[in-house]
Amino acid sequence: SALSHYLSTALRPYGLAVFLTLVSSVMLVRMVREPTRRRAVLYVAWTIPMLYTMAFDVGVFLGHGAFVAIVWLAALRHGWRAMLQRYRATIVAMVVCAIAYLPYVLLAYHYHYSPNPTQSFHRAWSIGIYTSPLQEHLAFGASWMTLFYALMGLALLGGLLTRDESMLAWLLIVVLQMAFVWVFIVGRSSIGMQGRYVAPA
């Protein structure tokens with residue numbers, strides 16, 4: 001079946017990164033829904049290994065950060081004090097992960113960063129950079145991909161109607177991971193675009 005083909009071939013080289021991304025993202029949603037110290041510790045425990053398992057999983061962490069920032073801003077309607085009191089553990093968890101990842105970011109910037117002569121930022125607005133990796137990894141036919149996108153749209157609509165903020169988290173993770181990979185790699189690396197870097201999304 002298409003699923004067994006995907007699991008046996010597409011995920012094999014970077015299955016750990018995909019697994020850690022999934023668990024870390026689930027821990028993120030749980031931490032935001034119930035921001036306790038225990039859930040914050042669990043998020044940190046899964047997220048730091050996620051960040052160090054695959055070089056370009058930083059896009060996922062950007063999605064995490066964008067999601068919690070939106071949640072914090074929405075909570076400000078109750079005042080700064082109430083927001084900080086409720087999300088204190090969440091804030092600490094995000095700061096700890098960012099600090100723990102900083103050495104890698106600085107080393108990557110020092111040894112691998114170069115100006116982007118192709119100015120690939122416009123690619124982030126092309127729908128193809130999001131659909132192509134999904135088709136590559138899932139290996140479904142055109143009809144099944146149409147159904148897949150329809151189900152994605154239904155899930156997002158359901159999340160909107162039920163005010164389930166986790167739908168926003170998943171959308172930000174997918175979009176920011178794919179956009180980051182395309183914008184960062186294209187024009188800066190001789191290896192070009194490789195589908196494995198968007199596998200976590």
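Which residues do ring pairs link into a cluster? They are Y52, Y101 and Y104. Before going on, note that this is a predicted model, where local features need pLDDT of at least 70, side-chain atom pairs count only at pLDDT 80 or more, and totals for chains, interfaces and linings use all residues. Residues are numbered from 1 along each chain as its sequence is written, and side-chain values use heavy atoms, with hydrogens and water left out.

**The tyrosine cluster**

The structure holds five aromatic pairs; rings of Phe, Tyr and Trp (its six-membered ring) pair if their centres lie within 6.5 Å, and planes under 30 degrees apart count as stacked, over 60 as edge-to-face and the rest as tilted. Two of these pairs share Y52, as the table shows.

| Pair | Centre to centre | Angle of planes | Type |
|---|---|---|---|
| Y52 and Y101 | 5.7 Å | 90 degrees | edge-to-face |
| Y52 and Y104 | 5.8 Å | 80 degrees | edge-to-face |

Helices here are DSSP runs (H or I, at least four residues), numbered from the N terminus. Y104 also sits in helix 5, 52 residues from Y52.

How exposed are these rings? Y101 is buried at 4% relative accessibility, while Y52 is partly exposed at 41% and Y104 is partly exposed at 29%. Buried means under 20% relative accessible area, exposed over 50%, and partly exposed in between (1.4 Å probe, protein chains only).

**The nonpolar cores**

A nonpolar core is a set of buried Ala, Val, Leu, Ile, Met, Phe, Trp, Tyr and Cys residues joined through side-chain atoms within 4.5 Å. The largest one has 30 residues, and L28, M31, Y43, F67, V68 and M94 have the most contacts inside it. Helix 4 (58-75) is among the elements that give two or more residues to this core, and helix 4 gives the most, with eight residues. M94 touches M31, Y43, F61, H64, G65, V68 and W72, leaving aside residues up to four places away in sequence; touching means heavy atoms within 4.5 Å.

**The largest pocket**

Finally, there's an open space lined by 31 residues, with L134, F148, M152, V174 and A201 nearest its centre. A pocket is an open set of points on a 1 Å grid over the protein atoms alone, where a 1.4 Å probe fits, with protein on both sides within 12 Å along at least five of seven lines; lining residues have an atom within 4 Å of a point. Helix 8 supplies the largest share of the lining, seven residues.
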